[in-house]
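Visitor: I would like to learn how to read domains and helix packing. Please take me through a case.

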Amino acid sequence: MHSKYVYVIGGGLAGTEAAFYLYKKGINVTLYEMRPHKMTTAHSTPYLAELVCSNSFKSEELTNAHGMLKREMNILGSFLLDIAGKTRIPGGKALVVDRNRFSSMVTNVLGKKIKIERREIVDIPKNDFIIISTGPLTSRGLSEKLKEIIGIEHLFYFDAVSPIVSFDSLDMDKAFFGSRYGYGKDYLNCPMKKEEYEKLIEAILSGGKYLPHIAEDLFFEGCLPIEEMARRGKDTLRFSLMKPVGLSIPRKFTDVYAVVQLRKENREGTMWNIVGFQTRLKYSEQKRVFRMIPCLKNAEFLRFGKIHRNTYLNSPKVLDIFGKLRQNIFIAGTLLGVEGYMESAVTGIIAGINAFRSLQGLKNLLPPRGTMIRGLYDYISTPKENFQPINANFGLIELYKKGRNVSKKEYRMQLVERSTKKLEVWRNKYEI
Ligand SMILES: Cc1cc2nc3c(=O)[nH]c(=O)nc-3n(C[C@H](O)[C@H](O)[C@H](O)COP(=O)(O)OP(=O)(O)OC[C@H]3O[C@@H](n4cnc5c(N)ncnc54)[C@H](O)[C@@H]3O)c2cc1C
């Protein structure tokens with residue numbers, strides 16, 4: 001028998017949104033946060049919703065995927081965006097906050113409304129409704145418990161993310177479909193000549209890189225960053241992931257010295273992953289350097305490559321489409337396989353909505369197709385060979401044909417307007 005309580009484990013971006021939503025709905029909610037008794041390697045304060053690195057929530061422009069996500073979150077009554085509005089500082093087109101004022105205000109406001117217990121949770125109660133939102137640095141004790149439940153192979157500790165580009169932006173005259181050794185046509189291959197390859201290697205080696213955030217951010221041998229492979233020898237990549245062998249290369253491509261492979265990232269084929277290009281190159285450098293690959297000359301980057309310590313579940317395998325591990329256990333935040341402050345926060349709202357509905361005996365819901373939120377959830381529940389976390393981007397949105405005389409900006413605005421209307425109807429219909 002389930003109780004009429006919800007327990008939220010982890011008071012970060014996702015957990016605070018979930019807890020606030022449940023409070024608004026009149027549910028008894030207890031939020032467990034292990035800090036300050038037990039700190040993570042990235043947090044430095046006792047505040048809830050601490051921003052561990054940047055103090056920016058990214059763009060507010062509606063034609064930017066992050067701006068679109070924020071509009072959807074506002075429609076769903078985001079608690080954190082409300083506090084962000086009260087603590088913002090100038091940041092151009094981005095929503096930038098005074099980090100201490102932001103997190104302390106979240107802590108104070110929430111502390112007056114719900115019960116907050118400061119302790120590490122290492123066990124998961126069986127019969128209550130639980131939202132687990134313990135983030136990328138989930139404590140070891142709880143990670144062990146999660147491993148017991150889902151199996152050791154389905155809990156990941158490391159993000160080695162390769163960039164994703166939009167299909168529309170690829171130069172298809174410089175690429176061909178085909179898999180190595182004749183196994184289907186799942187890959188898009190971008191051939192390179194010797195000179196192009198050598199320039200690319202040079203640029204990868206000399207390009208500006210991010211330093212690891214924390215000591216645990218170092219790479220491991222099983223998944224080396226592209227720059228580390230390049231550092232080990234100028235032919236290392238050409239003899240490994242860029243080897244030009246086993247492919248039926250169309251005759252128009254001559255003197256092929258290396259091949260970069262791209263793999264489909266979503267069902268619709270709008271997003272393509274540059275295979276094996278996990279990297280710590282700065283985002284601006286990724287654009288500059290990877291656009292040296294002929295078929296990526298005008299590539300639009302939907303997600304940049306990165307490498308850092310991150311705990312997350314193999315969600316497509318172990319969760320249902322609503323992000324549930326069991327009928328009473330909801331997962332939210334980066335643990336679910338999203339990345340970014342706002343992406344984490346919005347999954348807290350959705351977990352809150354569905355925990356509330358479950359308590360009422362109502363069926364679980366997701367926002368309608370066409371919204372950025374739905375795009376994130378569809379991505380997370382689609383089975384993949386190598387599941388990697390995702391951020392908000394237009395490749396996730398259900399598209400329709402762009403009018404011939406419509407600019408990209410106008411088209412995106414149409415997508416935003418469509419999603420806004422759909423989401424408002426959905427919110428009103430289900431009394432979200
Ligand atoms: C080093 C680092 C830097 C990052 N920088 C950025 C950035 O600049 N911009 C960006 O958009 N994203 C960034 N991210 C990614 C991500 O957006 C943030 O980590 C975000 O805070 C994740 O939200 P969350 O709610 O899932 O987890 P968190 O915000 O980390 O919240 C999880 C909470 O759970 C607590 N907790 C953990 N285990 C337990 C337990 N067993 N019991 C009780 N409490 C527990 C933690 O103390 C923490 O407060 C970064 C991630 C890392 C690791």
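Visitor: Into which domains is the chain divided?

Guide: Domain 1 covers 5–159 + 309–429, and domain 2 covers 164–304. These bounds come from an automatic or database domain assignment. This is a predicted model: local features need pLDDT of at least 70, side-chain atom pairs count only at pLDDT 80 or more, and totals for chains, interfaces and linings use all residues. Residues are numbered from 1 along each chain as its sequence is written, and side-chain values use heavy atoms, leaving out hydrogens and water.

Visitor: What area is buried between domain 1 and domain 2?

Guide: Interface size is often given as the accessible area lost when the parts come together. Here it is about 1,600 Å², with 50% from carbon and sulfur atoms. That is accessible area (1.4 Å probe), summed over both parts. On the domain 1 side, F158, R309 and G395 lose the most area, together 29% of what that side buries. In contact (heavy atoms within 4.5 Å) are 24 residues of domain 1 and 18 residues of domain 2. The domain centres, taken over C-alpha atoms, lie 31 Å apart.

Visitor: At what angle do helix α2 and helix α12 pack?

Guide: Two packed helices are described by the angle between their axes and the distance between the axes. Helix α2 (residues 65–75) packs on helix α12 (residues 408–429) at about 20°, with axes 10 Å apart. So α2 is roughly parallel to α12 (angles under 35 degrees). Axes are lines fitted to C-alpha atoms over the stretch in contact, and angles run from 0 to 180 degrees between N-to-C directions. Helices are DSSP runs (H or I, at least four residues), numbered from the N terminus.

Visitor: Which residues in α2 meet α12?

Guide: M68, R71, E72 and I75 do. Their partners in α12 include L415, V416 and L423.

Definitions and conventions:
Helix = DSSP H or I, 4+ residues; strand = E, 2+ residues; numbered from the N terminus. Parallel < 35°, antiparallel > 145°, perpendicular 65-115°, else oblique. Buried area = accessible area lost by both parts, 1.4 Å probe.
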